[in-house]
Amino acid sequence: ESEDNGTILGQKVTAEDRAGLYIPGGKAAYPSSLLMNVMPAQVAGVKEIVVCTPAPDNELNELLLAACHLCGVDMVFKVGGASAIGAMAYGTHSIPKVDVITGPGNIFVATAKKLVYGEVNIDMIAGPSEIGILADESAREDYLAIDLLSQAEHDEMASSILITTDSELANKVSNKVEEYLCKLSREEIARKSIEERGAIIVVSSMDEAISLMNEIAPEHLEIVTKDPMSLLDSIRHAGAIFLGQNTPEPIGDYIAGPNHTLPTGGTAKFYSPLSVEHF
């Protein structure tokens, strides 16, 4: 803006030259993560995009490669884990040094990003996946069980937490989770996640439930109550919020969310989802 005396003040917004995108692929392939990271970078105007992704048994997932092709990404390296983060942060003979590294990963990837921050910029420390659900007696136990398992099957360190005011619902969901676990193709991973990092918590009031959930600051938060919109103003910390029983968490991962690279481990208190601004 220009002042009457001729002073001009402004802000010049410039995209980074080169972005490094980490796309997980050790335990499962995520073409959707490729899209969620590439698109904001391209919209921002990043000219060079480098992708690193693990290749179990030296095989790259065909859907992931197809997604790269459709997005016009032509620099893809079969490198995963902390070594991929190090390579993009410092550069190697074959992998160019980038200016920003984005994308989720396991605890080794998250820790590596933390270590190289300052050498390059990062989006956030995005660790294992999480879901928090606030539910009252109106919720369906089968839907809640499925949604809890949708994160548990990602990783043994994923966290699935239900907080409810209804003890009867808590018991029903617990039974349903066990029933569905036996049918999952990734039962071993999901079961370890549920046993070690899952919880169903019964509280005396929805206010107490909300207070506890704000303290947890989950990556994904579902509000499955009679009037979910009325609770929205009380939610202070969550990566992405899903209102009502017909808005399961995968809707945000694939269709309607801000992005599915989201803050985890309580960092939603100060981080936001991956967006154009990160680039």
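This is a predicted model: local features need pLDDT of at least 70, side-chain atom pairs count only at pLDDT 80 or more; totals for chains, interfaces and linings use all residues.
Trainee: Which residue takes a positive phi just after helix 8?

Mentor: Most residues other than glycine have a negative phi. Just after helix 8, a positive phi of about 50 degrees is taken by Ala 217.

Trainee: Are helix 3 and helix 4 roughly parallel or roughly antiparallel?

Mentor: Two packed helices are described by the angle between their axes and the distance between the axes. For helix 3 (residues 81–90) and helix 4 (residues 107–116), the axes are 7 Å apart and the angle is about 25 degrees. Angles under 35 degrees count as roughly parallel. Helix 3 and helix 4 are therefore roughly parallel.

Trainee: How many nonpolar, polar and charged residues does the contact of helix 3 with helix 4 have?

Mentor: Helix 3 contributes Gly 81, Ala 82, Ile 85, Ala 89 and Tyr 90 to the contact. Helix 4 contributes Phe 108, Val 109, Ala 112, Lys 113 and Val 116. By class, the contact of helix 3 with helix 4 has eight nonpolar, one polar and one charged residues.

Trainee: Which exposed residues does helix 4 carry on the face turned away from its buried side?

Mentor: The buried residues of helix 4 are Val 109, Ala 110, Ala 112, Lys 113 and Val 116. Seen down the axis of helix 4, they fall within an arc of 160 degrees, so they line one face of the helix. These buried residues pack against strand 1 (18–22), helix 3, strand 4 (100–102) and strand 5 (121–122). The face turned away from them carries the exposed residues Phe 108, Lys 114 and Leu 115.

Trainee: Are helix 6 and helix 7 roughly parallel or roughly antiparallel?

Mentor: The axes of helix 6 (residues 167–181) and helix 7 (residues 187–197) come within 10 Å and cross at roughly 155 degrees. Angles over 145 degrees count as roughly antiparallel. Helix 6 and helix 7 are therefore roughly antiparallel.

Trainee: How many charged residues does the contact of helix 6 with helix 7 have?

Mentor: In this contact, Val 177, Glu 178 and Leu 181 in helix 6 meet Glu 187, Ala 190, Arg 191 and Ile 194 in helix 7. By class there are four nonpolar residues and no polar ones, and the number of charged residues is three.

Trainee: Is Val 46 buried or exposed?

Mentor: Val 46 lies in the loop between helix 1 (31–44) and strand 2 (48–52). Leaving out residues up to four places away in sequence, Val 46 touches Ala 15, Glu 16, Asp 17, Arg 18, Ala 19, Ala 41 and Phe 279. Its relative accessible area is 8%, and a value under 20% counts as buried. Val 46 is therefore buried.

Trainee: What is the relative accessible area of Val 38?

Mentor: Val 38 is placed in helix 1. Apart from neighbours within four places in sequence, Val 38 is in contact with Leu 21, Ile 49, Cys 71 and Val 73. Val 38 is buried, and its relative accessible area is 0%.

Trainee: Is Asp 57 buried or exposed?

Mentor: Asp 57 lies in the loop between strand 2 and helix 2 (62–71). Although not a glycine, Asp 57 has a positive phi of about 55 degrees. Its relative accessible area is 74%, and a value over 50% counts as exposed. Asp 57 is therefore exposed.

Trainee: What is the relative accessible area of Asn 58?

Mentor: Asn 58 is found in the loop between strand 2 and helix 2. Asn 58 is not a glycine, yet it has a positive phi of about 65 degrees. Asn 58 is exposed, with a relative accessible area of 52%.

How values were computed:
Residues are numbered from 1 along each chain as its sequence is written. Side-chain values use heavy atoms; hydrogens and water are left out. Axes are lines fitted to C-alpha atoms, for helices over the stretch in contact, and angles run from 0 to 180 degrees between N-to-C directions. Helices (H or I, at least four residues) and strands (E, at least two) are DSSP runs, numbered from the N terminus. Angles under 35 degrees count as roughly parallel, over 145 as roughly antiparallel, 65 to 115 as roughly perpendicular and the rest as oblique. Contact means heavy atoms within 4.5 Å. Ala, Val, Leu, Ile, Met, Phe, Trp, Tyr, Cys and Pro count as nonpolar, Asp, Glu, Lys and Arg as charged, and the others, Gly among them, as polar. Buried means under 20% relative accessible area, exposed over 50%, partly exposed in between (1.4 Å probe, protein chains only). The arc is that of the directions from the helix axis to the C-beta atoms.
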